[in-house]
Amino acid sequence: MTFFFNDEAIRKSRARAGRYRRILPATGAAFLILFIVLCALTRTGNARIMLFLSMGMMIAAGWAIIALWLFAAEPARAEERHLDGLAKGETEIREGRITLDSDVFRIPKSVRVRKVRLETGEDEPLSLNLNERFTPSMPTNGSLVRVQVVHKFITGIEVLEEGNGGTVPRGPSRGRRVWRAACRFFPAAVIWGMMAALLTGFVFNQITDTDPTHKIVIYADCGIRNAAELAEKLEHGLNGAVRMVKVHPFAYALFGTEALKHADLYIVPDSRKQDYAEWFEALPGTPPEGITVCDPESGSAVAGAYLTYASDNGKRELYRLYFGSGSAHREDGLALRAAELLMAVGEE
């Protein structure tokens with residue numbers, strides 16, 4: 001008789017399940033450490049790249065762990081529980097002609113099985129179960145067999161007479177297996193993808209932003225190119241006096257003006273100065289009419305590589321730099337220092 005499990009099989013099953021119990025948390029911890037490293041390496045200049053890199057890594061990591069759980073760790077645990085249950089059960093021997101059904105189904109928290117019909121000569125055939133992975137060991141349908149049974153599971157088989165013209169039992173096709181695996185993986189993968197994107201975005205929002213007292217915020221009513229590069233340049237000039245510098249177009253605060261009201265510096269064309277005049281307040285020693293940053297007549301343009309001083313019709317107009325009345329850095333001199341650094345960008 002060919003036996004499908006023994007003490008050695010139980011030992012290997014336990015070892016395999018234990019191995020996956022160690023691999024899963026170790027894999028999760030490794031990806032978490034990598035995520036922390038990426039966060040630690042994030043700077044204003046590379047924040048956008050690091051965000052997408054971290055998001056992609058988190059999504060891929062989650063998908064890898066989901067696949068490892070669904071197709072390796074969880075089946076190993078189910079096999080371990082299954083064999084432990086069989087080892088504790090009572091054994092019986094039955095004889096009859098065997099027929100293996102083509103359908104495969106999963107017993108909750110257990111192994112995948114195929115139904116076996118054993119005609120013993122009694123009024124009703126005996127309905128048994130077979131662990132799917134032992135399908136290749138089964139004889140042709142209609143064969144006369146002697147089987148060892150525990151809890152209605154076939155745990156051993158001996159062929160007494162090979163069936164004539166019976167079909168050879170086969171498992172599901174490769175295509176069906178792939179489709180079945182995809183159907184199990186896809187829902188969890190989609191849910192994790194959305195969760196990972198939200199989680200990563202939230203974390204990066206925390207590490208790339210801070211309260212007003214630890215950052216300088218500049219709003220420009222014009223187009224901006226390479227805002228992160230300009231912000232990084234100003235951060236370097238401030239020598240760590242603040243954690244970060246933010247450079248935004250006015251459209252950044254499209255759904256709320258509260259952030260605009262508390263900016264440190266504004267760059268506004270003369271044609272729209274009156275729209276925002278209540279937010280401006282000159283610092284002592286600075287011109288009340290603002291500091292000119294773009295003069296179409298002279299052709300001067302402060303930070304012209306980053307700011308596109310153009311009106312709606314595409315023509316350049318006079319732009320000025322103003323200090324915010326609600327700035328958190330009016331008294332400590334950092335707003336003025338940031339303005340001086342910005343003005344120096346055009347002189348490089």
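Two strands pair if DSSP finds at least two bridges between them. I also noted that helices (H or I, at least four residues) and strands (E, at least two) are DSSP runs, numbered from the N terminus.

**Entry 1: ground rules.** I am looking at a predicted model, in which local features need pLDDT of at least 70, side-chain atom pairs count only at pLDDT 80 or more, and totals for chains, interfaces and linings use all residues. Residues are numbered from 1 along each chain as its sequence is written, and side-chain values use heavy atoms, with hydrogens and water left out.

**Entry 2: β2 and its partners.** I looked up β2, residues 91–106, and found seven bridges to β5, with the two strands antiparallel. In this pairing Glu 95 is opposite Arg 146 of β5. I then followed β2 to β3 (residues 112–119), which is also joined to β2 by seven bridges and runs antiparallel to it. Here Arg 97 faces Glu 119 of β3. β2 and β3 make a hairpin, with five residues between them. In that turn, Lys 109 has a positive phi of about 60°.

**Entry 3: two further residues with positive phi.** Which residue sits in the loop between β5 and β6? I found Lys 152 there, with β5 covering 144–150 and β6 covering 153–161. Lys 152 is not a glycine, yet its phi is positive, about 70°. For accessibility I used these classes: buried is under 20% relative accessible area, exposed is over 50%, and partly exposed lies in between (1.4 Å probe, protein chains only). Lys 152 has 52% relative accessibility, so it counts as exposed.

I next checked Asn 239, in the loop between α4 (227–238) and β9 (244–249). Its phi is positive as well, about 55°, although Asn 239 is not a glycine. Is Asn 239 buried or exposed? Asn 239 is exposed, at a relative accessible area of 66%.

**Entry 4: the six-stranded sheet.** I traced an open sheet of six strands with mixed pairing, in the order β9-β7-β10-β14-β11-β12. β9 and β12 (300–301) are at the edges with a single partner strand each, so one side of each has no neighbour in the sheet. Inside this sheet I looked at β10 (residues 265–269) and β14 (residues 319–323), which are antiparallel and joined by five bridges. Pro 269 has Tyr 319 of β14 as its bridge partner.

**Entry 5: the helix across the sheet.** I ended with α7, residues 334–345, which lies across β7 (215–220), β10, β11 (291–295) and β14. α7 runs at about 160° to β14. Axes are lines fitted to C-alpha atoms, for helices over the stretch in contact (heavy atoms within 4.5 Å), and angles run from 0 to 180 degrees between N-to-C directions.
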